[in-house]
Amino acid sequence: MKHTLTILQHYLQTKYFRQFNSREQLLTWQNQQVQKFFNKVLPKSPFYQQYYQGLEISDWQNFPMIDKAKMMENFDQLNTVEISASEAFEIALKAEQTRDFNSNLGGYTVGLSTGTSGNRGLFLVSSQEQWIWAGTILAKLLPNFILYPEKIAFFLRANSRLYETVKSRRLQFKFFDLLDLITNHIQRLNHYQPTILVAPASLLRLLATSQKQGCLKISPKKIVSVAEVLDPLDADYISSVFNQMIHQVYQCTEGFLGYTCNYGTLHLNEDIVAIQKDYLDDHQSRFMPIITDFRRTTQPIIRYRLNDILVERKTPCQCGSVFMAIEQIEGRQDDIFYLHHKFTNEWVTIFPDFIRRAIVMVSTNIEDYQVMQLSLNRIEVALKVRNREKDVIQEEVRKSLRSLFERLHCEIPEIVFLDEFPTIPMGQKRRRVWQLQKPGFFEKPGF
């Protein structure tokens with residue numbers, strides 16, 4: 001009964017009662033919440049207590065930052081419940097191997113994230129935090145009131161007690177393991193007939209193709225892309241097959257960070273997380289978020305710098321929300337290409353979206369693509385095209401990329417096209433634009 005009341009309380013608070021009339025009102029309230037949170041949690045975390053020793057809480061926005069590496073290095077002292085990383089890794093890895101995700105550690109749910117970059121990360125949440133999360137995400141994602149029956153199909157690399165929290169008599173929830181065969185998924189989905197479909201973009205695309213071919217026969221009223229960057233190429237295709245807008249959830253190990261409104265705009269969850277911006281360009285449009293989750297006490301996330309590249313929307317959303325609007329999640333910092341400038345001794349920064357546009361604008365016959373920077377002098381491209389004009393389209397893509405590099409005054413690298421399109425290992429996140437240099441290759445100031 002307690003968990004049901006907590007979920008309902010936070011559902012109602014999020015959906016109906018916690019409303020803000022202006023950015024100023026939101027930020028004032030947010031600042032108060034963060035300071036209350038600091039007073040509560042800092043004494044319980046030996047790491048943060050030492051890290052922020054002597055600093056004034058009122059100046060929290062200028063506190064030293066952490067990242068995933070620092071969090072994992074200090075995991076034992078950072079969490080507030082005295083759980084060691086070795087213990088947590090042991091139970092999380094066992095769950096991954098057995099595919100049984102029901103175990104916990106001392107009453108706390110343990111999760112493991114590989115992340116797009118491949119670095120392992122741990123997360124710990126209490127039962128209370130699970131219930132709060134469930135109420136919040138249901139408020140933001142359910143198309144109808146919480147008591148309305150829904151059948152949710154959730155595709156993930158790993159299940160978690162965290163996700164199972166949303167189950168109830170009216171809300172059915174089925175976990176679909178990304179490591180399972182697509183034929184099994186189709187059979188289960190046809191039997192289950194979900195009203196809400198939640199999956200990574202690459203899997204949604206496969207399901208859309210199966211639906212188009214007539215193998216899959218479902219009619220979800222809401223489709224939500226998670227875990228991967230939703231490329232416009234995929235969004236358009238999935239949307240056309242299922243005849244509806246594709247929503248997004250921006251969630252990672254570090255928290256539930258954003259969701260799309262009814263107009264399709266991605267808004268950051270500033271009623272849960274304080275988000276500061278580390279700008280990457282002179283126009284102050286692209287930034288990496290620095291997050292402080294002021295509701296998470298078991299494993300506090302404070303001034304945590306994510307590796308994601310977000311593009312800020314400059315015009316207000318029609319929905320009227322005062323929460324920060326995002327044009328797109330462009331990728332990760334390690335998806336950025338760097339090339340030598342022709343005339344100076346500087347690096348030229350080439351954001352993933354520049355690469356994407358240079359390719360997809362060439363032809364509507366491009367079904368899929370991957371672009372990989374192997375070195376300063378070599379870029380590999382793989383294309384899937386609809387017809388037999390692959391050689392022609394490849395040459396147009398080469399010209400388009402060279403034109404982009406010339407506009408940016410780069411030294412032109414060798415552009416090589418692969419004969420076979422690379423396969424994505426089961427359970428691995430798709431990355432269409434990625435830079436394969438070893439860490440430390442680019443000694444770029446500020447990175």
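Predicted model: local features only at pLDDT ≥ 70, side-chain atom pairs only at ≥ 80, totals over all residues.
**Entry: the chain as a whole**

I counted the elements of the protein chain and found 13 helices and 20 strands. I then turned to burial: of the 447 residues in the protein chain, 53% are buried.

**Entry: the second largest pocket**

I looked up the volume of the second largest pocket, which holds about 580 Å³ of space. Its lining is formed by 24 residues, and those closest to the pocket centre are Lys15, Gln19, Tyr259, Cys261 and Ser321. I next asked which elements give two or more residues to this lining, and found helix 1 (2-17), helix 7 (127-141) and strand 8 (255-260). Helix 7 gives the most, with 3 residues. I also sorted the lining of the second largest pocket by class: 11 residues are nonpolar, 8 are polar and 5 are charged.

**Entry: Ile132**

Is Ile132 buried or exposed? I record Ile132 as buried because its relative accessibility is 12%, and the cut-off for a buried residue is under 20%.

I then looked for what lies around this residue. Setting aside neighbours within four places in sequence, I found Ile132 in contact with Thr6, His10 and Arg295. I also compared Ile132 with Tyr11: the two are 121 residues apart in sequence, while their C-alpha atoms are 8.3 Å apart in space.

**Entry: helix 12 and helix 13**

In general, a pair of packed helices is described by the angle between their axes together with the distance between the axes. I looked up both values for helix 12 (residues 352-360) and helix 13 (residues 390-407): the axes come within 8 Å and cross at roughly 145°. The crossing of these two helices is right-handed.

Which residues of helix 12 and helix 13 meet? On the side of helix 12 I listed Phe354, Ile355, Ala358 and Ile359. On the side of helix 13 I listed Val397, Ser400, Leu401, Leu404 and Phe405. By class, the contact between helix 12 and helix 13 has 8 nonpolar residues, 1 polar residue and no charged residues.

Notes:
Residues numbered from 1 in each chain as written. Heavy atoms only, no water. 1 Å grid on protein atoms, 1.4 Å probe; cavity = no way out; pocket = protein on both sides within 12 Å on 5 of 7 lines; lining within 4 Å. Points joined across faces, edges and corners; volume = space filled by probe spheres on them. Helix = DSSP H or I, 4+ residues; strand = E, 2+ residues; numbered from the N terminus. Nonpolar A, V, L, I, M, F, W, Y, C, P; charged D, E, K, R; others polar. Axes fitted to C-alpha atoms, helices over the stretch in contact; angles between N-to-C directions. Left-handed = near helix turned anticlockwise from the far one by under 90°. Contact = heavy atoms within 4.5 Å. Buried < 20%, exposed > 50% of the residue type's maximum accessible area, 1.4 Å probe, protein only.
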